[in-house]
Amino acid sequence: MKRQILFVDDEPKVLRGLQRILRDQTDVWDMTFASSASEATEQLAQNDYDVALLDVKMPGKNGLELLAGIKADARTRDMEVVMLTGLRDQSLKSQALDLGAADLLNKPVLKEDLVARLNNALRMKSYHEKLQAQNVVLEQQVILSQKMELVGVLAAGMAHDLNNILTLIVGYSEITAFLLPDDSKAREKLKQITRAGDRAGMIVQQILRFGKQTEAPRGRCTLGPVIDECLELLRPALPEGVDIEWEGPETDRLVQADATEMYQVLMNLCINAGHAMKHGGVLKISLIETELDADSIPPDHEEMCPGSFLRLEVSDTGDGMDPATAEHIFEPLFTTRGSQGGTGLGLSVVQRIVKNYGGLVTVESSRGEGTSFFVYLPLP
Ligand SMILES: Nc1ncnc2c1ncn2[C@@H]1O[C@H](COP(=O)(O)OP(=O)(O)OP(=O)(O)O)[C@@H](O)[C@H]1O
Ligand SMILES: [Mg+2]
């Protein structure tokens with residue numbers, strides 16, 4: 001896009017001269033010429049300029065007053081301003097720079113000098129824009145890390161109490177199973193409760209370790225059995241009318257990942273899929289080996305290398321998401337299910353775990369059609 005420059009001078013001869021000597025710049029600059037401060041103010045209200053060149057001495061509002069107005073207005077403050085003067089007053093330069101001008105040129109001005117100074121002002125404007133964009137990103141990162149820190153502290157406190165309650169649940173389900181006859185169907189169900197409770201206990205231990213900032217021991221696992229166990233426990237919790245499509249793993253390769261953490265990943269993805277399919281649908285899980293090349297790796301996954309990966313797919317035929325929602329789903333505390341008890345932590349946990357193993361989570365979704373999450377884990 002062409003850069004926008006505004007030229008302001010009350011002398012028609014000077015404006016015509018500027019137009020003439022800058023004729024060959026029309027390919028790179030969009031130039032507007034105003035013959036008074038009031039005309040310039042009108043132009044400034046209508047357009048966004050990158051740079052303005054202002055004559056100092058003008059009838060009515062002079063160039064310095066116009067400069068002060070530009071720098072006082074939040075909309076025009078970031079524009080670079082170069083002053084132009086025929087006056088030989090030494091104090092003008094410091095006055096203009098104090099008011100926020102980038103430069104002051106004396107008339108008559110040579111074409112090469114003028115073009116070089118305006119280019120310099122345009123460069124400064126670009127740096128300014130880049131810095132502002134970086135600032136926004138940094139601010140967002142600080143907010144995110146503060147949120148995560150808070151979540152860590154809260155989670156550690158709650159995990160401690162949860163652990164006590166889980167011990168009771170597991171203890172009582174074991175005692176009750178023991179009191180029931182050997183062939184009792186309820187005994188089988190109680191075993192599931194014990195298993196789920198044990199898994200939950202392991203997750204709670206992880207949260208406690210996370211709170212203490214100690215590294216979890218890194219395990220290895222095959223994902224097939226983790227998927228089997230997860231689906232078995234999850235089936236009763238899925239809405240009525242949801243069919244599970246899982247034909248078993250296409251590979252039994254080991255991945256460098258802790259089984260409990262992979263269980264967390266699956267649980268979160270499957271529970272989300274269940275929420276999206278309140279009126280039934282198909283939950284499809286698959287596990288295959290695949291290759292990822294450098295182009296498929298996003299820039300914020302610098303620790304990831306191209307190569308062989310396990311790809312776990314969790315797809316649903318539920319509500320789906322619009323692109324604006326999908327953009328935020330991995331942010332901690334982002335939820336569209338706040339009124340139904342959603343905390344917005346599930347997918348941020350999934351992403352943290354997978355990224356920690358040098359992997360990647362991607363999502364494809366379409367409103368009204370469904371959602372597919374793909375988890376890539378590096379194969380050793
Ligand atoms: N399978 C899916 N289909 C449609 N939307 C989804 C799906 N999975 C996640 N989302 C969207 O992503 C948001 C964030 O998901 P996340 O799991 O992080 O939090 P949550 O499910 O809202 O709450 P929590 O998991 O903490 O109970 C959801 O609120 C939802 O808008
Ligand atoms: Mg969730």
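This is a predicted model: local features need pLDDT of at least 70, side-chain atom pairs count only at pLDDT 80 or more; totals for chains, interfaces and linings use all residues.
Local features need pLDDT of at least 70, side-chain atom pairs count only at pLDDT 80 or more, and totals for chains, interfaces and linings use all residues. Residues are numbered from 1 along each chain as its sequence is written, chains are lettered from A and ligands numbered from 1 in written order, and side-chain values use heavy atoms, without hydrogens and water.

Let us start with the rings. A search of the whole structure turns up two aromatic pairs. Rings of Phe, Tyr and Trp (its six-membered ring) pair if their centres lie within 6.5 Å; planes under 30 degrees apart count as stacked, over 60 as edge-to-face and the rest as tilted. Phenylalanine 7 and phenylalanine 33 have ring centres 4.9 Å apart and planes at 15°, so this pair is stacked. The pair links distant parts of the chain, 26 residues apart: phenylalanine 7 is in strand β1 (residues 3-8) and phenylalanine 33 in strand β2 (residues 29-34). Helices (H or I, at least four residues) and strands (E, at least two) are DSSP runs, numbered from the N terminus. Phenylalanine 7 has a relative accessible area of 0% and is buried; buried means under 20%, exposed over 50%, and partly exposed in between (1.4 Å probe, protein chains only).

The rings of phenylalanine 330 and phenylalanine 373 have centres 6.4 Å apart and planes at 85°, so the pair is edge-to-face. Phenylalanine 330 lies in the loop between α9 (323-326) and α10 (346-356), while phenylalanine 373 is in strand β10 (residues 370-378), so the pair ties together parts 43 residues apart in sequence. Phenylalanine 330 is buried at 17% relative accessible area, and phenylalanine 373 is buried at 6%.

Now for ligand 1. Around it are 19 residues, and the closest are Asn272, Asp316, Thr335, Thr336 and Thr343; a residue is near a molecule if one of its heavy atoms lies within 4 Å of it. An N or O atom in the side chain of arginine 337 is 3.1 Å from an oxygen atom of ligand 1. A backbone N or O atom of glycine 344 is 2.9 Å from an oxygen atom of the ligand, and a polar side-chain atom of threonine 371 is 3.3 Å from a nitrogen atom of ligand 1. The protein covers 90% of the 600 Å² of accessible area that ligand 1 has on its own (Shrake-Rupley method, 1.4 Å probe; for residues, only the protein chains shown count as cover). The elements giving two or more residues to the shell are α8 (259-276), α10 and β10. Of these, α8 gives the most, with three residues.

Finally, some backbone details. Lysine 107 and proline 108 are joined by a cis peptide bond, with omega about -5°, and proline 108 is found in the loop between β5 and α5. Leucine 333 is a residue other than glycine with a positive phi, near 75°. Leucine 333 sits in the loop between α9 and α10 and is partly exposed, at 41% relative accessible area. In helix α5 (residues 111-179) you will find threonine 176, which is partly exposed at 36%.

Technical notes
A polar contact is a pair of N or O atoms within 3.5 Å; within protein, one must be able to donate a hydrogen and the other to accept it, and residues adjacent in sequence count only if both atoms are side-chain atoms.
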